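Here is a short briefing for a reader who is meeting this structure for the first time. Please keep the sequence and the 3D view at hand while reading.

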Amino acid sequence: MKNKLLQSKSLLVIVLVLTLLFPTISEAALPTTVFQRNEVEQISSGTTVEHIQRFTTSGWLNIHVVRTDLNNPTQKPVTIFGNEGMSVRKTVNSMVDSNQGVIAAVNGDYFNYKPMPSTLGVMVSDGNMISSPPHMEYALPAFYVDVNNKGHVGYLDRTITVTNNRTGASYPINMVNKISADYTTIALLDSSWGANSPGNKTGVAGIREVVIVGDKVTEVRDNAAGVAIPKDGYVLAVKAEKLADIQVGDSITLKKDIIPTTGEVPFAIGGGSIILKNGEITRTNVHSQGVHPRTGIGVNQEGSSLIMVTVDGRGKSYKGLEQDDFAALMKELGAWNALNLDGGGSTTLAVSPRDGNPSKVLNSPSEGSPRPVVNSVGIRSTDAVGELSYLKVSSNAKGVHAGNSISMKVTGYDVNHHVIPVDSNSVNLEIAGVEGTSAGIVFTPSTSGQATITARVGNASGTMTLPVYGPISALQTIGGITLEPGGRKTITVSGVDARGYSATLPVGTLAITVNGAIGRMEGSDFIAGGEAATGYISVSHGAIVKNIPVTVGTQKNNITGFESLEGFEASAWPQGGQASIKSSTEKHSGENSVLLSYDFTATEGPKAAYVKLPASMGTIEQVSKELIVAVKADGQGGGLKANIVDANGVEHSVVFAPNIKQTRWQTLEAQIPAGIPYPIRVTSLYLSQPDATKTIKGTMLLDTLVYLKSVEQANIPESSIQIDPLRQPTDYNGGTSIAFTLEPWGLVKVKGDQGVINSWGILNANSQVVMLRGFSDAYNKGITKPVVAGNVYGLKQIAGADILTVKTTPEGILGGGKDQWPSLKQSIENSQAGTLVIAMGHSPESFSDPMEGQLVIELLSKKAATGTNVFLITGGSQTMGNMVEGIHRISVAGADSSTADRAAGWGVAEILLREGQTPTYDIKTLSQ
């Protein structure tokens with residue numbers, strides 16, 4: 001492909017235009033990083049994949065980075081699409097599987113859905129123009145690689161014409177492998193488009209399709225069905241008058257060239273905006289506003305290292321980034337010039353395992369699974385397969401208990417990182433750090449600690465570390481099973497040692513018996529019987545027993561049939577959206593349903609339209625399994641959720657469906673969270689559209705909202721329990737005793753004044769009191785000991801212990817104040833005290849961001865492994881205490897004002913500190 005020389009006047013105009021298109025953005029700044037995990041894997045001789053999980057003061061970023069050495073002749077970027085052609089959208093992982101040699105790919109350019117799927121920008125692969133760039137007047141940017149293997153961002157133009165050699169007439173081709181809605185410009189469709197041309201499929205009248213094989217016109221088709229696209233030719237498609245003089249047998253000359261800003265172009269991919277230019281954050285064409293999942297492609301300052309990045313979003317933990325912040329991230333990751341590709345639900349990274357198995361999606365697509373797209377950017381590797389060079393050792397479990405066996409997974413690789421099959425019988429395991437034995441790939445430790453396991457096959461080796469926990473003292477599994485007759489449930493069981501560390505146990509190491517006429521076991525699956533019944537499954541490991549209650553059969557209980565809408569309300573979020581409800585005779589059952597109408601054409605960002613239930617409706621007293629509702633959607637997209645408020649006033653969101661595509665009546669189920677305090681109340685149902693880019697307006701019919709209640713459960717035997725050795729009755733004589741609790745709101749209402757007086761008596765027996773979520777003056781007046789507000793961040797040293805109070809909300813620690821996290825992490829890691837106590841009003845498991853809660857446990861467990869006595873005291877729905885992953889976990893319940901029994905569950909945790917001695921603790925309730 002030859003360079004195209006532009007006249008100096010035209011070149012000056014383009015330079016001025018591009019200068020205006022590159023405004024420098026100075027305000028972009030990434031949030032403060034609190035914690036980060038990095039894992040890098042070499043997947044070929046010149047390509048790596050890096051996974052970064054970063055926790056910041058704005059939440060989590062889930063980042064994947066593919067880096068390719070453009071100077072490595074075996075590594076080439078390519079544009080790829082599905083095996084049915086560009087006109088049929090496919091997922092990124094299926095594109096990887098159908099394109100030989102492609103080892104990794106991210107989703108590519110923005111695309112049109114109508115009249116048929118087609119990319120907006122350019123596609124060039126192996127020097128072939130697969131899809132044309134827009135004319136410079138309508139320029140969209142591109143990332144491209146020149147013949148010197150240097151990467152660039154910029155704008156590409158094209159000259160594409162066909163000439164009828166019989167008449168001498170030339171026709172400009174505006175689009176290659178894409179079509180316009182009105183067919184007023186000529187489209188050239190070759191075999192990359194698909195097997196057949198669109199023909200009259202799009203419904204546009206007056207379409208002419210000209211079939212050209214080699215350089216000869218073989219057919220001229222008007223308003224006909226699609227035709228097979230010749231592999232050695234192409235089809236021209238446009239309104240008939242644009243190609244009126246072309247006849248069968250005419251000789252045609254095609255001229256098709258890219259006009260680059262530098263050199264020939266073996267690879268190019270279009271995008272929405274240049275976001276980095278010469279190291280500066282910028283915006284050009286498409287400024288994709290909002291916090292969303294992102295995909296980008298860039299190159300380092302030397303132009304030699306290709307960098308592809310995905311960032312997940314729109315989830316409970318992963319929120320995404322603004323476009324400018326994404327640019328800042330790409331710069332941090334080494335990009336000097338970068339292009340923003342399609343993002344949102346399209347963001348996907350797939351990697352081939354190079355062992356003949358299907359590719360794997362490494363990121364977390366926001367729609368729960370990869371979205372079909374038009375094209376992707378792939379890395380093709382042609383490096384040769386060699387001899388076994390090294391091994392990777394892994395296991396399916398995060399750890400193993402002393403006395404139990406675990407099978408290791410050993411995978412072989414050559415020097416270019418191709419998978420080389422390894423015979424497990426040829427593997428030798430070497431163990432260090434703990435005592436134990438090995439037989440083939442099976443390791444059986446006899447002492448606890450950190451095991452270093454080295455696998456060897458000939459001269460190849462690989463090493464991993466594996467924690468070995470203490471002997472099993474209890475079993476951990478699902479709390480209970482509720483199934484309809486004939487239902488199936490997989491049971492997984494973990495062993496727990498005395499310090500609360502757990503590891504999954506193979507079903508073959510357990511004795512499992514079914515008690516009662518409830519069903520049978522089939523491997524690790526329980527199959528419910530055909531009749532309603534209750535009983536239990538007994539799981540044992542030696543003398544350690546866990547009994548699982550089982551209920552077969554449920555009862556449906558009506559909440560509302562929407563027969564009358566008295567007391568119901570509608571609302572919309574965000575401001576500017578509209579929602580209304582009215583009764584409809586189009587029903588699923590009964591006489592009426594409710595019609596929810598919504599209009600978000602004037603709003604941006606995620607959207608929700610609510611049907612709010614009256615305060616007198618929606619209460620569920622007994623523990624229940626799920627909600628069921630009948631729905632008829634209009635096909636506009638969006639999901640259906642419900643809000644539930646538990647007995648502690650904590651709101652929970654449950655999902656009926658993340659995205660409803662069917663337009664017929666259907667019944668949907670939403671699981672009610674396990675372990676929440678009852679009674680609960682369903683406060684609203686709502687249509688949810690998290691995709692900020694979608695503008696929606698439509699309706700949804702709702703009918704017959706019910707909940708499933710389990711049949712009465714029979715008594716079952718007690719299970720083996722794990723006992724925390726530091727839990728002992730409090731001795732108030734000597735030392736410092738600190739009480740941690742929640743203010744017992746509503747205690748007067750159900751227990752009378754004496755109940756409040758009794759709670760004061762428990763607290764006043766201690767040296768100091770910490771109120772986890774703060775306190776009122778009215779309650780504080782009865783406490784005679786010093787009171788600390790536990791809903792304010794602070795660090796105190798008491799009797800040789802570090803006491804950290806952290807402000808939390810149901811959202812988590814970030815909800816209580818973003819500035820807490822850097823100080824909290826530093827205080828945990830730098831504490832030199834033998835005892836560290838963390839007090840917060842909400843348990844990590846209740847955080848709306850589950851990964852933030854997991855990070856709390858991870859940091860405290862790591863601290864406990866250094867020999868520090870770590871206590872985590874939180875508010876919760878129950879008062880309880882035990883060890884979990886080396887941490888003394890204590891939960892205290894507030895007073896529920898609904899019944900006297902619930903109010904009696906109000907709890908206090910008492911920690912007794914003595915200088916130079918191991919602390920002890922006790923937990924008490926008002927009933928005690």
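The notes below describe a predicted model, and they take up a sheet, a hairpin and a pocket in turn.

- Strand 39 pairs with strand 47 (residues 544–552) in the parallel sense over three bridges, and Leu483 stands opposite Val552 of strand 47.

**A hairpin**
- Strand 69 (residues 907–913) and strand 70 run antiparallel and are joined by six bridges, with Lys924 in strand 70 as the bridge partner of Val908.
- Six residues lie between the two strands of this hairpin, in which Gly916 takes a positive phi near 80°.
- Strand 70 (residues 920–925) is largely enclosed by the rest of the structure, because five of its six residues are buried.

**The second largest pocket**
- The second largest pocket has a volume of about 920 Å³, and of the 26 residues that line it, Glu39, Glu41, Lys360, Lys392 and Tyr413 are the closest to its centre.
- At least two residues of this lining are supplied by each of strand 1 (33–42), strand 2 (47–56), strand 29 (390–395) and strand 31 (406–413).
- Sorted by class, the lining of the second largest pocket holds nine nonpolar, nine polar and eight charged residues.

Key
Residues are numbered from 1 along each chain as its sequence is written. This is a predicted model: local features need pLDDT of at least 70, side-chain atom pairs count only at pLDDT 80 or more; totals for chains, interfaces and linings use all residues. Side-chain values use heavy atoms; hydrogens and water are left out. Two strands pair if DSSP finds at least two bridges between them. Helices (H or I, at least four residues) and strands (E, at least two) are DSSP runs, numbered from the N terminus. Buried means under 20% relative accessible area, exposed over 50%, partly exposed in between (1.4 Å probe, protein chains only). On a 1 Å grid over the protein atoms alone, a cavity is a set of points where a 1.4 Å probe fits but cannot get out, and a pocket is an open set with protein on both sides within 12 Å along at least five of seven lines; lining residues have an atom within 4 Å of a point. Grid points are joined across faces, edges and corners, and a volume is the space filled by probe spheres set on the points. Ala, Val, Leu, Ile, Met, Phe, Trp, Tyr, Cys and Pro count as nonpolar, Asp, Glu, Lys and Arg as charged, and the others, Gly among them, as polar.
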